[in-house]
Amino acid sequence: MILKEIDGNDKLIERLEYLSASGNLSHAYVFEGDSCVNKVLLADCFIKAILCEENKGDGCEKCITCNKINHGNHEDIIYVDADGKSIKDEAIEELQSKIKKKPFFGDRNIVVIKHADTMTIRAQNRLLKTLEEPPQGTIIILLSENIENLVQTILSRCVVFRVNPFETFEYGAIKEQAQLLVKMLFNKEAFYLVKSKLNEFAEDKDSAMKLLDSMELIYRDLTIINTKESRNYRKDYIYKAVELIEEARRDLQRGISTGYAMKNLIIKIGG
Ligand SMILES: [Zn+2]
């Protein structure tokens, strides 16, 4: 995934694209967003945009750098995370010795501190020293749920960005497919038509699972929202559909073939 595939954060993405393309980078950033926001994914996208060999400012998903980042094994990227409930002083000490070394692959080390809020005060004070005199080229990205947990002296040395919840393009596409299927089933369209759409959308277990999740959300929304369309759906129809989706999910988990589980689902919802 690359920066421009993240939605719900247009201004922020534009800014990150500009910063990474221009190379006009600070040495420390904070991404603040709720726990449900995938800040690691955003950080990885930002790093791709900075380091990508083919497409600076966004990333290409093809070069060695993008591949390594996707596999979490880029030599110059150091991830720090809480050990138990907190990030301790020793973890930051270890980090400091790592970033003193020259980058292995490119010309800068990049650090991602997950759950930065959990740094102990000692750890934060130690990190502060690095932020005051960062090794050449180093970029430190702190991921935080609430910046109030970070000491002011750290915040004053970072560029802070607030991250909104986002859906990925992939998720958006699945949602559209699920909406189409829900509608086709409700309209009792011919079995072979629904079946051919399903074959297209749910090629394997993984895509079938995502499609089922998305369909279930749509059905559940129909019970909450009150629109001209939602009023067409009777509650017992929706509850039955949700039950059948859960059954299909269990079937898939039990190892029943995707084709069979999904076919079974549409026959039962349609019937
Ligand atoms: Zn690339």
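Helix axes here are lines fitted to C-alpha atoms over the stretch in contact, and the angles run from 0 to 180 degrees between N-to-C directions. Helices (H or I, at least four residues) and strands (E, at least two) are DSSP runs, numbered from the N terminus. The model is a predicted one, where local features need pLDDT of at least 70 and side-chain atom pairs count only at pLDDT 80 or more, while totals for chains, interfaces and linings use all residues. Residues are numbered from 1 along each chain as its sequence is written.

Take helix H8 (residues 191-201) and helix H11 (residues 258-270): they pack with axes 10 Å apart, at an angle of about 140°. On the H8 side, Phe191, Val194, Lys195 and Leu198 make the contact, and on the H11 side it's Met262, Lys263, Ile266 and Gly270. Being in contact takes C-beta atoms, placed from the backbone, that lie within 7 Å. Sorted by type, these residues come out as five nonpolar, one polar and two charged. Here Ala, Val, Leu, Ile, Met, Phe, Trp, Tyr, Cys and Pro count as nonpolar, Asp, Glu, Lys and Arg as charged, and the others, Gly among them, as polar.

Next up are helix H9 (residues 205-224) and helix H10 (residues 235-253), whose axes come within 10 Å and cross at roughly 160°. H9 is therefore roughly antiparallel to H10, a label for angles over 145 degrees. This crossing is left-handed. Among the residues making the contact are Leu212 and Tyr219 of H9 and Ile245 and Leu252 of H10. The contact of H9 with H10 has 12 nonpolar residues, one polar and five charged.

Now for the cores, each a set of buried Ala, Val, Leu, Ile, Met, Phe, Trp, Tyr and Cys residues joined through C-beta atoms within 7 Å. In the largest, which has 46 residues, Phe46, Val111, Ile113 and Ile141 touch the most other members. Setting aside neighbours within four places in sequence, Phe46 is in contact with Leu3, Leu16 and Ser20. Another core, of 24 residues, lies apart from it and includes Val194, Leu198, Ala241 and Leu265.

Finally, Glu32 sits in strand S1 (residues 28-32). Glu32 counts as buried because it has 21 C-beta neighbours inside 10 Å; the cut-off is 20 or more other C-beta atoms within 10 Å. Beyond four places in sequence, Glu32 is in contact with Ser144, Ile147, Val160, Arg162 and Val163.

Note on methods: Two residues are in contact if their C-beta atoms, placed from the backbone, lie within 7 Å. A residue is buried if 20 or more other C-beta atoms lie within 10 Å of its own, exposed if 12 or fewer, and partly exposed in between; C-beta atoms are placed from the backbone. Angles under 35 degrees count as roughly parallel, over 145 as roughly antiparallel, 65 to 115 as roughly perpendicular and the rest as oblique. A crossing is left-handed if the near helix is turned anticlockwise from the far one by less than a right angle, and right-handed if clockwise.
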